[in-house]
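Hi,

Here is the structure I promised to pass on.

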Amino acid sequence: PGSSPCRSVIMGAKAVGVELNKKLLNLQAGEHLTPEFLKINPQHTIPTLVDNGFALWESRAILVYLAEKYGKTDSLYPKCPKKRALINQRLYFDMGTLYQSFANYYYPQLFAKAPADPEAFKKIESAFDFLNTFLEGQTYVAGDSLTVADIAILATVSSFEVAKFDISKYTNVNKWYENAKKVTPGWDENWAGCLE
């Protein structure tokens with residue numbers, strides 16, 4: 001529940017009407033390093049999805065898979081190459097810039113009791129500046145309707161909120177965030193996980 005990538009998959013599954021059989025792994029106890037789990041996912045990361053014997057990890061890949069396989073329409077991941085390219089760009093932005101800035105700044109403080117790094121904090125501000133620019137005049141992060149990119153970025157941004165990062169100074173992000181919380185299936189479970 002504390003992992004925004006896991007929470008994004010929960011919201012993505014809800015958006016396509018898939019009931020997940022969730023399994024909670026205790027990472028501190030090394031449950032992700034057991035031979036059974038390594039057989040499913042040798043990279044031993046969460047989330048990991050197993051769908052009728054097909055194993056997949058990396059939350060953004062799982063979101064795309066769920067949308068393509070179980071979506072009643074293609075609205076979450078449209079078939080148009082240009083729309084998909086924009087969604088993919090935003091997913092990669094989340095993975096490599098936005099979520100990475102969260103991990104680089106907060107994880108050392110949370111898990112290693114390290115002091116806050118002001119240079120890492122500047123990367124968060126830079127990532128939010130980019131996101132704010134992407135959202136200029138936009139209701140959604142990649143197009144004119146909710147997509148898997150919104151779901152991934154919503155999970156990440158909600159982690160920033162619970163970590164007390166001031167989102168309000170990024171006007172476009174704040175406006176998008178308020179809307180995304182209302183229109184994204186599974187938001188309540190996402191927020192409960194954040195608080196946990």
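At what angle do helix H4 and helix H6 pack, and how many Å apart are their axes? Helix H4 (residues 81-112) and helix H6 (residues 148-162) pack at about 15 degrees, with axes 9 Å apart. Helices here are DSSP runs of H or I with at least four residues, strands are E runs of at least two, and both are numbered from the N terminus. The axes are lines fitted to C-alpha atoms, for helices over the stretch in contact, with angles from 0 to 180 degrees between N-to-C directions. H4 is therefore roughly parallel to H6 (under 35 degrees is roughly parallel, over 145 roughly antiparallel, 65 to 115 roughly perpendicular, the rest oblique).

Before going on, two caveats. This is a predicted model, where local features need pLDDT of at least 70 and side-chain atom pairs count only at pLDDT 80 or more, while totals for chains, interfaces and linings use all residues. Residues are numbered from 1 along each chain as its sequence is written, and side-chain values use heavy atoms, leaving out hydrogens and water.

On the H4 side the contact (heavy atoms within 4.5 Å) includes Ile 87, Leu 91, Phe 93 and Tyr 106; on the H6 side, Val 148, Ala 152 and Phe 160 are among the residues involved. The contact residues divide into 13 nonpolar, 3 polar and 2 charged (Ala, Val, Leu, Ile, Met, Phe, Trp, Tyr, Cys and Pro count as nonpolar, Asp, Glu, Lys and Arg as charged, the others, Gly among them, as polar).

Phe 93 also turns up in an aromatic pair with Phe 134. Their ring centres are 5.0 Å apart and the planes sit at 75 degrees, so the pair is edge-to-face. For the rule, rings of Phe, Tyr and Trp (its six-membered ring) pair with centres within 6.5 Å; planes under 30 degrees apart are stacked, over 60 edge-to-face, the rest tilted. Phe 134 belongs to helix H5 (residues 118-134), and the two partners are 41 residues apart. The count of aromatic pairs is 20.

Residues 1-74 are 42% helix and 11% strand, while residues 80-196 are 74% helix and 0% strand.

Last, two backbone details. Ile 46 and Pro 47 are joined by a cis peptide bond, omega about -5 degrees, and Pro 47 is in the loop between H2 (35-40) and E1 (48-51). Asn 52, in the loop between E1 and E2 (54-57), has a positive phi near 50 degrees.

Cheers
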